[in-house]
Amino acid sequence: DAEDEGDARGQLAAALGGSWFEGGDPRQIERELQRSNKYAHYLFLSLHPQLAASRLQQDDSADSLPRVLMVAEKPSVAKMIAEHLSNGRMRWRKGVSRACQIYEFVAWFPPAGQRCRFQQTSVVGHVFGLDFNKKDSREAWNDPSILFDARTEKTLEDTTAKLKVVEHLQELADGAEYLVLWLDCDREGENIAFEVIGICRDNFPTDENIYRAQFSALTEPEMRRALNTLVRPNKHMSMAVDARQELDLKIGVSFTRLLTHQLLESCREKFYRDLRVISYGPCQTPTLWFCVQRHGEIRAFEPQPFWTPSLALDAPGRGRLDFAWAEGRTFDPARAREVEHACRQAGHAVVVGRETEARRVPRPPGLNTVQLLKAASTAMGMSPTAAMKAAEHLYTSGYISYPRTESTKYPATFDVAAALREQSWHPNWGRTAGYILQHNPNLRPPTQGHDAGDHPPITPVRCAPRGEIAKGKEWKLYDYIARHFIASLMDDFQYTQHTLAVDVAPGLRFQHVWHTVDERGFFFAMPWRERDLQLNEAGELGGRAAPGARLRVLGVSNPEDWTQPPDYLRESELIELMDRHGIGTDASIPQHVQNVVDRRYAQVCGPGSGGRPGQPVPTEEQLYRMRRKNPGARIELPASRHMVPTGLGLALIAAYDSVDRELCEPGVRAFMEQQVARIADGSQSQQEVLSHNLGLFHRKFLGFRDQLASVAQLFRPRAAGGGRSFRDHHLSW
């Protein structure tokens, strides 16, 4: 009745904070409320019963339509896909799995050429893992070399079993006519896609109605484009993942069992009493090797004294100016004294010339995963695993494009203007984005960069102010990604370097250098890059400093200093080395770095000095406890993160290096990655790659086992009275 309707309108207005729903299109308002406010949606349907009746009639007719099962990699991604493809008009229900929801809607399905009933759900990452056959594993306990020929089998992951993901997919596949796989578009995603196909195979005996969606961002245009351009799953990419899993399992477990059986007790006594395993990994060990190489450079470094003469001259109109010796520095003390004596004897210096040189800093190409990880470690103090976790959450929340890519070149079809227009509303960098759009109405993607054939570079997808992204790490990453994207569309930074040269005596030249900026270009978006250049923008010297002018000497300086050893390897440098040498992939590099730290083969420290490491950087768990204990306390983190090998890590690399250097150097693993890539492109069979690499490492394993006794002393504790123990010390080994 009228009284009930009035109450419903009042409650609806209170729920929405106003009566803006009056007078609009009821269907459009109903779709918006269904997506944003369930309670308000219920009240609105009570005021418009014809909409509810229409929805029920659609649901009844949907039962007779062909059914399409769509599977995403995560529940949050499944929800976003359903929202975009249904225009918010979907029905949600639970299934067998409590973690994987089901979203149902009716829409046009291109392969069927008609409207179909869609059921969108997800898995929770990999459904299966790889493990040894239990019988073969038991037989190899005392002889790990047997594992190279042991049988392997797919096993259900614990999380998958608890959440009943397999039963959930099998129930939904029953009666479905089409299967569309919306897994992440990389090799791991392709492998999960074939896991899903295997689970649903009873209902899809052939591949005729199985499709793969390829997408790079969780936006409505991208989702619709992917649905209209479905492809077939790529078996070769999945087989490449299977091959890498089997290689890592057999090589890693065989060496790990050998090391643990032979060395664990002595390592517990010498290094860490709570050690449980001494592990080897085809990627983990070369990662540690890079860190130990820098440690070796530091230990082999011998400091040398050097001198850097300089002058202070009285410049017309500018006063005191410092001039550096044109040769920079000298390691010869006699030469240093000679230069200093000549400068003190001279009362004036004669201007002999002025030079100008135009320079530029090129704008950055598109952002790929390795660049993002390096920036997160260097500028934000984030570990690679923390950075990838934050980036993945930004992606699944619809803020950025897919964060795992090797490409730095934008596709020719990428609508950079639309992406930039979205950012033009941002309070921090919106004016810069708007300026680019205003002065480049026909903006096209830059042609620079490398196209790896996978995903486009990482870009912002949705404009988000600081308050919308609650977590600090995620905001830092989003801020960097957005600024990097804008910078990649701007002009180069251009400046002029000016050099004023003076002679104190024949052959004794000094220089003063300053800079003038001609075009700031992309530095408007990335202002920290200008600070890193350390330009001297003191201003122009007047014409009174023309050639032949005499400048009075105000002071002479000739300080003695000592060369310094390099600092320990930065985490960002380690990531770059791994990428350059093919150790891991953009998706696995963070985990390999984390494994080295978790196994206590290396420790993350702040910047050091004089060949000694800095203070250890607190782990995420330690930071959590510190903040919980003192919520208001300000925790100062080091300016950079450095990988310092521990005594255990040094001993392991020394053992590998002494017996078989290829076990720790990056060359063998890089070759293995190249062969796995050949499986992915179909140029080499999975069995060929497995047979060759397992045979190679089997021979290396036998050789290492035979000579392990010769390096066992590296892991034995020192005898009583033989000096201090170096348990838990970085540099004592």
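**View 1. Q534, an exposed loop residue.** Q534 has 69% relative accessibility and so counts as exposed. Exposed means over 50% relative accessible area, buried under 20%, and partly exposed in between (1.4 Å probe, protein chains only). The residue sits in the loop between α19 (528-533) and β15 (550-557). Helices (H or I, at least four residues) and strands (E, at least two) are DSSP runs, numbered from the N terminus. Phi of Q534 is near 55 degrees, a positive value in a residue other than glycine.

This is a predicted model: local features need pLDDT of at least 70, side-chain atom pairs count only at pLDDT 80 or more, and totals for chains, interfaces and linings use all residues. Residues are numbered from 1 along each chain as its sequence is written, and side-chain values use heavy atoms, leaving out hydrogens and water.

**View 2. K164, between two helices.** K164 lies in the loop linking α7 (158-162) and α8 (165-173). Its relative accessibility is 43%, so K164 counts as partly exposed. Phi of K164 is near 55 degrees, positive although the residue is not glycine.

**View 3. D451 in its loop.** D451 is found between α17 (430-439) and α18 (472-487), in the loop. With a relative accessible area of 52%, D451 is exposed.

**View 4. Domains of the chain.** The protein chain is divided into domain 1 (2-57), domain 2 (67-233), domain 3 (240-299 + 567-715), domain 4 (305-363 + 493-562) and domain 5 (370-485). These bounds come from an automatic or database domain assignment. Between domain 1 and domain 2, the C-alpha centres lie 36 Å apart.
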